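User: I have a new model open and want to learn how to read it. Could you take me through the features one at a time?

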Amino acid sequence: MTDRTHTTMESHPDILEMRERHERAERAASTQRGQAVEAMAMLTGLYLAASPWIAGFNGLTTLTVNNLITGIAYALLLSGFGHAYERTHARAWAAVVLGAWTVIAPWAVAGEVDTTRTVVNNVIVGLIALLLALAAAMAAGETDRGGRRDRSTRMAPDMTR
């Protein structure tokens, strides 16, 4: 039989870095910027999903289905960004792709759906979605880069907690 040594989390060699990363993520999530990005992204995704009926191009089936699915996916990807940042910030890059797809969708989906109404709607909503997703992704990058220290300067974990 092998003898297994069980250690506590406090003895983990990277505990200080892990704590600092978690604290940075919580600070980013509690900012008004993070919460505003989440709220605006939810509204943008919901509008994108309903846009065929709001803007009046629901007769164009392929783009209608595309916008419905893309809008719901976008809203789900960025939902939780403001209150569960640590678990959701990596999804922001997928939302960037959805924003870009929304812009080019009127020309990319099957059928003749590139009417003035569809192009204007999708370009404006797609650019807004793209900018919001980039804001979320940049916040993730700032938090991931902020406060990192070289391993050689790391202090030993505090065992008194």
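Analyst: We go from the overall fold to confidence, helices, cores and single residues. This is a predicted model: local features need pLDDT of at least 70, side-chain atom pairs count only at pLDDT 80 or more, and totals for chains, interfaces and linings use all residues. Residues are numbered from 1 along each chain as its sequence is written, and side-chain values use heavy atoms, with hydrogens and water left out.

User: How many helices and strands does the chain have?

Analyst: Helices (H or I, at least four residues) and strands (E, at least two) are DSSP runs, numbered from the N terminus. Here there are 6 helices and 0 strands. Along the sequence the pattern reads α-α-α-α-α-α.

User: What is the mean pLDDT of the chain?

Analyst: pLDDT is the predictor's confidence in each residue, from 0 to 100. The chain has a mean of 78, and 64% of its residues reach 70 or more. Over residues 147-161 the pLDDT is below 50. Beyond near neighbours in sequence, that stretch has 19 contacts in the model. Contact means heavy atoms within 4.5 Å.

User: What share of the residues count as buried?

Analyst: Buried means under 20% relative accessible area, exposed over 50%, and partly exposed in between (1.4 Å probe, protein chains only). Of the 161 residues, 40% count as buried. The chain exposes about 9700 Å², and carbon and sulfur atoms supply 63% of that area. Such areas come from the Shrake-Rupley method with a 1.4 Å probe; for residues, only the protein chains shown count as cover.

User: Which contacts tell me about links across the sequence?

Analyst: Take contacts between residues at least 6 apart in sequence. In this chain, 70% of them join residues at least 24 apart.

User: Why does the length of H5 agree with what a helix should span?

Analyst: The expected span is 1.5 Å times one less than the number of residues. Helix H5 (residues 92-108) has 17 residues, so its span should be 24 Å; its end C-alpha atoms are 23 Å apart, which agrees. H3 passes too: its 18 residues should span 26 Å, and its end C-alpha atoms are 26 Å apart.

User: Where does H5 bend?

Analyst: The bend at a residue is the angle between axes fitted to the seven residues ending there and the seven starting there. H5 bends by about 40° at threonine 102, and proline 106 follows within four residues. H2 bends by about 50° at alanine 49, with proline 52 following within four residues. Just after H2, glycine 56 takes a positive phi of about 85°.

User: Which residues of H5 are buried?

Analyst: Start with the general idea. An α-helix has 3.6 residues a turn, so residues three or four places apart point the same way. The buried residues of H5 include Ala92, Ala95, Val96, Leu98, Gly99, Thr102 and Pro106. In H3, the buried set includes Leu63, Asn67, Gly71, Tyr74 and Leu78.

User: Which residues touch the most other members of the largest nonpolar core?

Analyst: A nonpolar core is a set of buried Ala, Val, Leu, Ile, Met, Phe, Trp, Tyr and Cys residues joined through side-chain atoms within 4.5 Å. The largest has 15 residues, and Ala41, Tyr74, Leu78, Ala92, Ala95, Ala133 and Ala136 touch the most other members. Helix H2 (32-55), helix H3 (61-78), H5 and helix H6 (116-145) each give two or more residues to this core. H6 supplies the largest share, 6 residues. Apart from this core lies another of 6 residues, among them Phe57, Leu63, Ala105 and Val109.

User: What does alanine 133 touch?

Analyst: Leave out residues up to four places away in sequence. Alanine 133 then touches Tyr74, Leu78, Ala92, Ala95 and Val96.

User: Is asparagine 121 buried or exposed?

Analyst: Asparagine 121 lies in helix H6. At 7% relative accessibility, asparagine 121 counts as buried. Not counting residues up to four places away in sequence, asparagine 121 touches Tyr47, Ser51, Ala55, Phe57 and Asn67.

User: Is glycine 111 buried or exposed?

Analyst: Glycine 111 lies in the loop between H5 and H6. Its relative accessible area is 54%, so glycine 111 is exposed. Glycine 111 and leucine 63 are 48 residues apart in sequence and 8.7 Å apart in space, C-alpha to C-alpha.
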